[in-house]
Structures are given as structure tokens and as C-alpha cells.
Amino acid sequence: MTSAKAEPVEQAPELSVVRSEPPAPDEAAAARKRELKQLLSGKRYEEALELLLHARAETPDDPAISRGIRLLKDRLLLGYLRRLGDLERVPMRQGEPEPLADVEALVFALVDGIASVEDIVHTSTVGRFETCRCLTKLLLRGAISLAEPAPWSLPVPDPRAQPEGASISNIPEALRQLDDLDGLLGASLVDADARNVLAVVGGATIDLELASLSSVELLSAHRKSIHRVGLVEQIEDIVVTLQAQYHVMRPLKRHPQVFIYAVADRSRSNLALVRMQLADVEAALKV
């Protein structure tokens with residue numbers, strides 16, 4: 001009896017497991033920069049902000065990401081303020097809105113038909129940026145409208161202010177006095193009521209228009225603070241001192257809603273001279 005020859009048993013082929021490795025940190029950062037550049041070129045600032053917020057959650061110690069978030073928030077806030085317009089206007093509810101996010105619901109709850117936009121911003125617990133962002137979204141969705149304030153809620157007019165129709169001539173010539181000021185990075189003349197930059201000198205290294213219009217809120221806050229403590233004096237100037245820069249605002253005495261705004265390199269300028277030069281510019285303006 002012949003025994004059957006044992007056939008060799010074939011070995012099962014080994015399965016090659018492909019593991020998808022997460023991208024290297026440098027590759028992820030490069031991809032994020034490319035996406036961010038595309039969003040910014042398309043002026044999709046809201047999406048760009050969300051991208052950076054996610055990036056900061058992953059790398060909270062990256063100062064470049066934090067700076068980018070701050071700059072984007074400043075630009076977006078400027079857009080929200082332009083959309084909302086006069087901050088003395090009163091938000092009014094327009095029926096029941098669609099389901100709101102938690103932060104939107106907090107802001108919407110403050111809309112009572114009496115409080116102005118500025119009142120809501122100061123009362124809100126979610127901060128100026130988020131409050132303005134939510135009010136803008138509610139306005140665009142039709143959940144609220146903006147009404148003019150009732151006469152009894154209007155601010156008391158300044159008797160020293162020029163009547164409507166006052167104009168300023170020779171603005172470019174007056175501002176050119178600042179060209180030779182040591183350390184000047186840029187200067188502008190700003191109409192706070194119209195939220196409009198009337199003229200600019202310099203500003204090659206900074207976004208002078210954004211900085212000028214952002215300073216409107218600072219001037220308004222100082223005026224309200226002075227009024228609340230019972231002072232009637234007019235602001236002569238406001239100085240903000242940073243590590244590398246001076247930011248100086250000087251409202252015009254005969255046209256208080258208009259102010260001169262200057263940014264100077266702290267290492268190359270003298271603050272007293274900057275203030276004196278702004279006073280000379282004011283004197284040279286033909287109001």
C-alpha cells in the first residue's frame with residue numbers, strides 16, 4: 001500500500017497593514033498657511049478666524065497664531081460696527097427667531113426695545129467682539145431691526161460743538177506738517193460720527209485706517225467715563241503707550257467729533273513733541 005505523498009502546505013500571504021501617519025507638524029502648519037491665505041484672499045474672514053481658533057487649540061503656545069486671531073477679530077469687529085451703524089440705535093425684536101446658539105441666545109435676551117446697541121455691548125457678559133458679532137448675525141437674519149432712539153434717550157448735545165454743516169478745508173496741507181516728525185509711523189484725521197477717515201499721512205507699516213476707526217470707540221468710552229463722574233471738561237488728548245509705539249488722539253476743540261490720530265515709534269520719537277505737533281496741526285486746520 002502506497003502512502004500518499006504529503007503536499008507542502010502553502011503559507012498564507014502576510015497582510016501588509018498600511019498605517020496612515022498623521023502629518024508632521026511642519027506639514028500641518030504649511031497646509032494651514034495655504035488654507036488661511038486662500039480664505040484671506042477671498043475675504044472669508046469668519047472662516048479664517050475659525051481656522052486659527054482651531055489651530056490655537058492644537059498649539060496654544062504659538063504667538064503667531066494669537067496675533068493672527070487678534071488682527072482678524074479687529075478687522076471683523078470693524079465690519080460689525082459698520083453694519084450696526086450708530087451705536088445709539090435701539091435693537092428691536094422681530095418675532096421669534098430660529099433656534100439660536102447659546103451665545104446668540106444670551107445676546108438676544110438683552111434686546112428689550114429700550115437698550116441701545118452700546119448699552120447691550122456694555123451689559124453683555126460675552127465681550128464686545130462676540131456681542132457685536134451676534135447682533136450683526138441677528139440683524140442679517142431678520143431676528144432684530146434697529147430703530148432710532150427715543151428723544152428722551154438721546155445724549156445731551158455739547159453746546160460747544162459746531163452746528164451741522166461745519167466743514168474743514170486744507171486737511172492734506174495741515175497733516176503734512178507731521179511729515180518731518182521724528183519716528184512718525186502714520187497719522188490721520190477721523191470723523192468719529194461718520195466713522196470715516198478723512199485723510200492719511202504715512203501708514204506704510206501699519207493698517208492705519210483700521211487703527212484709526214478702532215480708536216473711535218476708545219474716544220467714545222473716555223467721553224462717557226468723564227460724563228459719568230460729573231466732569232464737563234473737553235478731552236485735550238488721549239495717549240496710549242505701548243512697548244514700541246505711542247498712539248495719540250487729539251479731538252478738535254471747534255469740531256469735537258473729528259480727531260487727529262497719530263502713531264509714532266517710541267524709540268525714535270518724543271511724546272511731548274508729538275503732542276505739540278498735533279496741537280499745531282489743529283491750529284492750522286481751517287474749520
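The model is predicted. The chain has nine helices and seven strands. Of its 287 residues, 36% are buried. The largest nonpolar core has 31 residues, and another core, of 21 residues, lies apart from it.

**Overall figures**

- The chain exposes about 18000 Å². Carbon and sulfur atoms supply 54% of that area.
- Take the contacts in the chain with a separation of 6 or more: 59% of them join residues 24 or more positions apart.

**The largest nonpolar core**

- Three of the 31 residues touch the most other members: Val 117, Cys 132 and Leu 135.

**Cysteines**

- Cys 132 is buried, at 1% relative accessibility.
- Beyond residues up to four places away in sequence, Cys 132 touches Leu 77, Tyr 80, Leu 81, Leu 84 and Val 121.
- Cys 134 is also buried, with a relative accessible area of 2%.
- The structure holds zero disulfides.
- A disulfide needs the two sulfur atoms within 2.5 Å.
- From the side of Cys 134, the closest cysteine sulfur is the one in Cys 132, again at 9.5 Å and too far for a bond.

**Strand E3 and its partners**

- Strand E3 spans residues 184-191. Eight of its eight residues are buried, so E3 is largely enclosed by the rest of the structure.
- E3 runs antiparallel to strand E7 (residues 255-265), and seven bridges join the two. Leu 189 has Ile 260 in E7 as its bridge partner.
- Strand E4 covers residues 196-202.
- In E4, Val 201 is the bridge partner of Ala 187, and Val 200 stands opposite Ser 188.
- In a regular strand, side chains alternate between the two faces of the sheet.

- Ser 212 sits in helix H8 (residues 208-228).
- Is Ser 212 buried or exposed? At 0% relative accessibility, Ser 212 counts as buried.
- The side chains of Ser 212 and Ser 188 make a polar contact at 2.7 Å.
- Setting aside neighbours within four places in sequence, Ser 212 is in contact with Ser 188, Val 190, Val 197, Phe 259 and Tyr 261.

- Most residues other than glycine have a negative phi. Two exceptions follow.
- Lys 43 has a phi near 55°, a positive value in a residue other than glycine. Lys 43 lies in the loop between H1 and H2. With 64% relative accessibility, Lys 43 counts as exposed.
- Arg 195 is not a glycine either, yet its phi is positive, at about 50°. Where is Arg 195 placed? Arg 195 is in the loop between E3 and E4.
- E3 and E4 form a hairpin with four residues between the strands. Arg 195 takes its positive phi within that hairpin.

Technical notes: Residues are numbered from 1 along each chain as its sequence is written. This is a predicted model: local features need pLDDT of at least 70, side-chain atom pairs count only at pLDDT 80 or more; totals for chains, interfaces and linings use all residues. Side-chain values use heavy atoms; hydrogens and water are left out. A nonpolar core is a set of buried Ala, Val, Leu, Ile, Met, Phe, Trp, Tyr and Cys residues joined through side-chain atoms within 4.5 Å. Buried means under 20% relative accessible area, exposed over 50%, partly exposed in between (1.4 Å probe, protein chains only). Contact means heavy atoms within 4.5 Å. Accessible areas come from the Shrake-Rupley method with a 1.4 Å probe; for residues, only the protein chains shown count as cover. Two strands pair if DSSP finds at least two bridges between them. A polar contact is a pair of N or O atoms within 3.5 Å; within protein, one must be able to donate a hydrogen and the other to accept it, and residues adjacent in sequence count only if both atoms are side-chain atoms.
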